[in-house]
Amino acid sequence: MDIVERFINYTKINTTTSRENGANGIMPSSPGQMELAKLLAAELEALGMENIEVRDTAIVTATLPGNTDDAIPAVSFFGHLDTSAEQTADTKAQRLHYRGGDLCLNEALNIYLRESEFPELKNYIGDDLLVTDGTSLLGADDKAAIAAIMNALEYLIAHPEIKHGPVKVGFVPDEEQGLRGAKAFDVTAFGADFGYTLDCCGIGEFVYENWNAGDAEIVFTGQSAHPMSAKGKLKNSLLMAHKFIAMLPGGEAPEYTEGREGYYWVKQLQGNSARTVLKLDIRDFSEEGYKARMAFIRQLAVSTCALWGENSVVCHLADRYANVFNSLQGDAHYPIDIALHAYQKCGITPAPVAMRGGYDGAVLSQKGLPCPNIFTGAHNFHSIYEYLPVRSLRAASDVVVAVIEETYAEFAQRRAQS
């Protein structure tokens, strides 16, 4: 099957994640994810993959055994089944040739992909773009990954002359709401030595750094009173929360930061004069910076509690995920080197990006499976303007094949030198 046809077939299955079901602990959160999981299992079986499993969570795993007697580590590749809840309509994907300028997605609704808004379009003049009719997202996040991985497996099986060790694949649900599928994934049973997610980013981009991420929930307990007799009695928890927020470092918020600059994100504030709950996201690229930020929030809660009275401020801190780079130090650096060699082998200039967010690989790496991220080639995720250049999609699949080849070459060389 051609990779474009394969991708478009996947987009016809609505796999929009359900935040409501996810909040209630249901996985997969939407039935389309299980439908896609079963389709992938059937396709993997048709390709000749082994150890194919579809769990009741819609997690799919399979193995392509090595075709050499050499002891080569097992490399793995991951994509996620769900699409963002930002748009819920069924996808009507179309393939349009891009000649430059604005691209009409839907003439009747006057919806255009405009070059003035998305200047990177100039990089794809002369290419075919996969887009929608402007009424939904495309779902390249992350069905482009799934198509690229499946296409690479098909190519590898059709070319047995390519020597390789064990190759494993994993497709997980509900990445779009807290990396839930990766958190449920059994890394030990999977049996891979290292892996790569394919998720986000234009052609050439490569992620092996992301946030160290934590959550803070701070509960402010005041004392309610009727306003006609409130003097000296009313202690307003809403105002306590606002004063706490005002003591956060100025300028260290998402709207003021970029690159590797960390932040405190005031994400939710809910309550009344008696009780108010503040939720914060805490982010930093360095372990030291992250620990310092978490310690600052803890100390601020202690100090304000001392100011406003016993049990007036209670702070709950939790780690969400760690920077992938923490798992890729020293002898564990080789997944980065292999990927960079694979990019170069495919004639693609690597463009390392420090991701200001999280992805499944962050969770998998914390679990002991080092997992950088390879591009899918798509742009404008979570938007009706999402688009996927066909050449970029094919390039992502080529890189997967090249990573498998480079894995064999790297460890065959190490063995020869030992």
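Helix 4 (residues 140–158) packs against helix 11 (residues 390–417) at an angle of about 50°, and their axes lie 8 Å apart. Helix 4 is therefore oblique to helix 11. The model is predicted: local features need pLDDT of at least 70, side-chain atom pairs count only at pLDDT 80 or more, and totals for chains, interfaces and linings use all residues. Residues are numbered from 1 along each chain as its sequence is written, and side-chain values use heavy atoms, with hydrogens and water left out.

Helices are DSSP runs (H or I, at least four residues), numbered from the N terminus. Axes are lines fitted to C-alpha atoms over the stretch in contact, and angles run from 0 to 180 degrees between N-to-C directions. Oblique is what remains after under 35 degrees (roughly parallel), over 145 (roughly antiparallel) and 65 to 115 (roughly perpendicular).

From helix 9, the contact residues include Y334, H341 and K345; from helix 11, they include E405, E406, E410 and R414. That contact divides into nine nonpolar, two polar and five charged residues.

| Pair | Angle | Axis separation |
|---|---|---|
| Helix 4 and helix 11 | about 50° | 8 Å |
| Helix 9 (residues 334–345) and helix 11 | about 125° | 8 Å |

Technical notes:
Helix = DSSP H or I, 4+ residues; strand = E, 2+ residues; numbered from the N terminus. Contact = heavy atoms within 4.5 Å. Nonpolar A, V, L, I, M, F, W, Y, C, P; charged D, E, K, R; others polar.
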